[in-house]
Every structure is written in C-alpha cells, then in structure tokens.
Amino acid sequence: MQDRDRVSLTALRRSVAAARGRAIRAASRLPGAETAGRLGRLWQRHVRGRPDQYQASITFPTGPDRPDIGEIQGWIEALEYAFEGRLDVYARRGRIAVETDPVSAELFDSEEFEAICDRIADGYGGSHSLAHLRKWRRNEGRLVRAHVIVPVKPLFPRDEEPATEPAATAPAAGSD
C-alpha cells in the first residue's frame, strides 16, 4: 500500500517544473512585469557591474605597413586561451576577423584580456589607433559584455617631425 502512495521523484520534479513554468508565464502577463525585468537588468548592469558572460569581436588589418601574420597568430592564440578556445577565425580580403562565443564570467580573465588588447595596440601603434567599444547585450536571457576592437587608420597622417620655422627671406635687390 505504501508503494502505491509514494510518488516517484521524477514525476514530482516534472510537476514542480510545470508549476514553475505556469507561475512564470502568469507573472509575465501582470502589469509592470516588463518594468521589473528592465529594473533587474539595470541593477545587474549598473549596480553589480558584472555581466553573466563576455564576448569579443576583433578585426586585424593586414598589409605591408601592418603587423605580420605571425604576430597576429600570437594574438589569436592568446585570445583562444582567454576565451577557453571558443572562437572562430575568418580570413577576409585585407584583414583577419576573430569572433568569440559568449564565455561565462567565471571562466573569463579580464586582466589577461586587457593585456592582449594592450599588445594589439602596441603592434599597430605606428600606423593605427585602436578603437575599443564595450557594449551590453542580452543573449538567451543573460547579460553579455561584448567587446568590439578594430585598429583604425587615422584620416590624416600624423606629424612625427617637429614643425620647422620658415627660413629667413633674403632681402630684395635694391632695398639698400
């Protein structure tokens, strides 16, 4: 008789999960549910300041006045370790693009990532400036901190020589 009265643990878990799903759906239909979700995201973004995951998109321009492929390969390997091997590399005309999958905050080493960014900036230091954009995104209900890094060639060439003063003009003939 007792065996018949006992509910299996699996059936109990399924019924609890179904009840939870119904409660979440009902709460999401209540007025102000979107506001509560937005407040939760704002809290996580601005008060905690710690996302659930990190992601990066980096472009490496190639060419004669830019770092060689071997140096770029070293940066890609360092990024592979920082993002736990979750990255894709694309060869494009005149550039190499790296896209990473979202990596959990526990596995992501922000100091290592900043060191890699500094190495990239030093590699392109003479010819490019490093544009580093940081964005907050939602991905499957999680808050993701996305980094977009692009070395950008300046519009006008940099003046590397100090400005020289114009030479003194010779007096005009007959000005004695």
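**Strand β1, face by face**

From β1, Gln 53, Gln 55, Ser 57, Thr 59 and Pro 61 point one way. Tyr 54, Ala 56, Ile 58 and Phe 60 point the other way. All are buried, meaning under 20% relative accessible area with a 1.4 Å probe, protein chains only. In a regular strand, side chains alternate between the two faces of the sheet. β1 covers residues 53-61, and nine of its nine residues are buried. Strands here are DSSP runs (E, at least two residues), and helices are runs of H or I, at least four residues, numbered from the N terminus.

The model is predicted: local features need pLDDT of at least 70, side-chain atom pairs count only at pLDDT 80 or more, and totals for chains, interfaces and linings use all residues. Numbering starts from 1 along each chain as its sequence is written, and side-chain values use heavy atoms, without hydrogens and water.

Next, the partners. Pairing requires at least two DSSP bridges between two strands. β6 (residues 142-152) runs parallel to β1 over six bridges; there, Ala 146 is the bridge partner of Gln 55. β3 (residues 95-100) is antiparallel, joined by five bridges, and its Arg 95 partners Pro 61.

Now the core. The largest nonpolar core has 23 residues: buried Ala, Val, Leu, Ile, Met, Phe, Trp, Tyr and Cys joined through side-chain atoms within 4.5 Å. Ile 58 and Phe 60 are among the members that touch the most others. β1, α4 (69-82), β3 and α5 (110-123) each supply at least two residues.

How values were computed
Buried < 20%, exposed > 50% of the residue type's maximum accessible area, 1.4 Å probe, protein only.
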